[in-house]
Amino acid sequence: MAQGMSGNLNHAMIDGPQGKAAQEYANQFGAPGFHDITKAYIGQNYGGYTAENQETWRVLYDRQMLYLANNASEVYLRGARSINLVRDHIPYLEGPQSVNTFLMPLTGWQSKAVPGYLPAKAFFACLARREFPTTIVIRSRESIDYLPEPDIFHDIFGHVPLHADPIFADFLQTYGKAAVSTDDPSHTERLSRLFWFTVEFGLIREGGRNRLYGSGLISSPGESAHALDSKDVDRRPFDLETVCNTSFEIDHYQPILYVLESFDQLRDAMNTYAQRLLDPARRPVNA
Ligand SMILES: [Fe+2]
């Protein structure tokens, strides 16, 4: 997820009364009387996609999948196959051929359509339920190479294949539970850095070389190659404490990336962090 600008999406699909009501609820989430995150969800309104929208999906899919076949994590590629992520159409979120139908028996994760940007608490509350808030609109043809905000290509193509992996699935839910449990801004900042350097921009070591798994890399034709090949990128071994202390910048290619040894490493590190946050008895005094 990213905040902000809304210039180049087909907003007609999400601007109706249902979308407005859901967004207003999401904006209030956590305040008294606003505790049911499912009220921030909307239908996909699949009939709203134009022929051009469908073409945009195919162009992006073809361009990126070809590159990813040799450069993405095996866990991502296996996940993409197992949720039946195909080139011919924008993914369905509902119905027998939907990504959710394939995902449910694998890990119980589901993608839920949302009308736009969710505040952090609402976003974390979704993850804690194994539900991934998903932008349903797709970028315009003019913005095909770069879009500063998530669209369905980023959210489904970029994120969802990893949700089919039981270890990553557990990690992401634990992340959500920990993040929604704290109101301490320093923890919220640390956790947003962790999300950025793993879920969004993570690399992993597989077969003796670095491969992509972060959705911001997976779904970006320009940045994916840069992340693996550029001499300007400082690729550091993953360490949770170091990651949580590293600030990040948006709006340009990432100069620092962290490389996992395995998804077990990520899950285990997150479990340790979550225990500290969720179990006050383990929390050091004054921390
Ligand atoms: Fe994302």
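Start by selecting valine 114, which is buried, with 27 other C-beta atoms within 10 Å. Here a residue is buried if 20 or more other C-beta atoms lie within 10 Å of its own, exposed if 12 or fewer, and partly exposed in between, with C-beta atoms placed from the backbone. This is a predicted model, in which local features need pLDDT of at least 70 and side-chain atom pairs count only at pLDDT 80 or more, while totals for chains, interfaces and linings use all residues. Residues are numbered from 1 along each chain as its sequence is written.

**Valine 114 and its surroundings**

Valine 114 is part of strand E1 (residues 110-114). Helices (H or I, at least four residues) and strands (E, at least two) are DSSP runs, numbered from the N terminus. Now show what valine 114 touches: Ala22, Ala26, Ala40, Tyr41, Ile42, Pro133, Thr134 and Thr135, not counting residues up to four places away in sequence. Two residues are in contact if their C-beta atoms, placed from the backbone, lie within 7 Å. For a distance across the model, pick aspartate 232: its C-alpha atom and that of valine 114 are separated by 36 Å, and the two residues are 118 apart along the chain.

**The nonpolar core**

Next, select Ala40, Val114, Ala122 and Tyr213, the residues with the most contacts inside the largest nonpolar core, which has 76 residues. The largest share of this core, 8 residues, comes from helix H7 (residues 166-181). A nonpolar core is a set of buried Ala, Val, Leu, Ile, Met, Phe, Trp, Tyr and Cys residues joined through C-beta atoms within 7 Å. In soluble globular proteins, nonpolar side chains tend to be buried together.

Stay with alanine 40. Its contacts, leaving aside neighbours within four places in sequence, are Ala22, Tyr25, Ala26, Phe29, Val114, Leu118 and Ala122.

**Glycine 116**

Move to glycine 116, in the loop between E1 and H5. Glycine 116 is buried, with 23 other C-beta atoms within 10 Å. Leaving aside neighbours within four places in sequence, glycine 116 is in contact with Ile14 and Gln23.

**Helices H5 and H7**

Select helix H5 (residues 120-128) together with H7; their axes come within 7 Å and cross at roughly 140°. Axes are lines fitted to C-alpha atoms, for helices over the stretch in contact, and angles run from 0 to 180 degrees between N-to-C directions. The angle makes H5 oblique to H7. Angles under 35 degrees count as roughly parallel, over 145 as roughly antiparallel, 65 to 115 as roughly perpendicular and the rest as oblique.

To see where they meet, show Lys121, Phe124, Ala125, Cys126, Leu127 and Ala128 in H5 against Leu172, Gln173, Tyr175, Gly176, Lys177, Ala179 and Val180 in H7. By class, this contact has 9 nonpolar, 2 polar and 2 charged residues. Ala, Val, Leu, Ile, Met, Phe, Trp, Tyr, Cys and Pro count as nonpolar, Asp, Glu, Lys and Arg as charged, and the others, Gly among them, as polar.

**Helices H2 and H10**

Now select helix H2 (residues 51-71) and helix H10 (residues 221-229), whose axes come within 10 Å and cross at roughly 20°. H2 and H10 are therefore roughly parallel to each other. Arg63, Gln64, Tyr67 and Asn71 in H2 meet Pro221, Ser224 and Leu228 in H10. These residues divide into 3 nonpolar, 3 polar and 1 charged.

In H2, also select glutamate 55. Glutamate 55 is partly exposed, with 13 other C-beta atoms within 10 Å.

**Two positive phi angles**

Finish with two loop residues. Most residues other than glycine have a negative phi. Asparagine 45, in the loop between helix H1 (17-28) and H2, has a positive phi of about 55° although it is not a glycine. Arginine 130, in the loop between H5 and strand E2 (131-135), has a phi near 60°, also positive. Arginine 130 counts as partly exposed, with 18 C-beta neighbours inside 10 Å.
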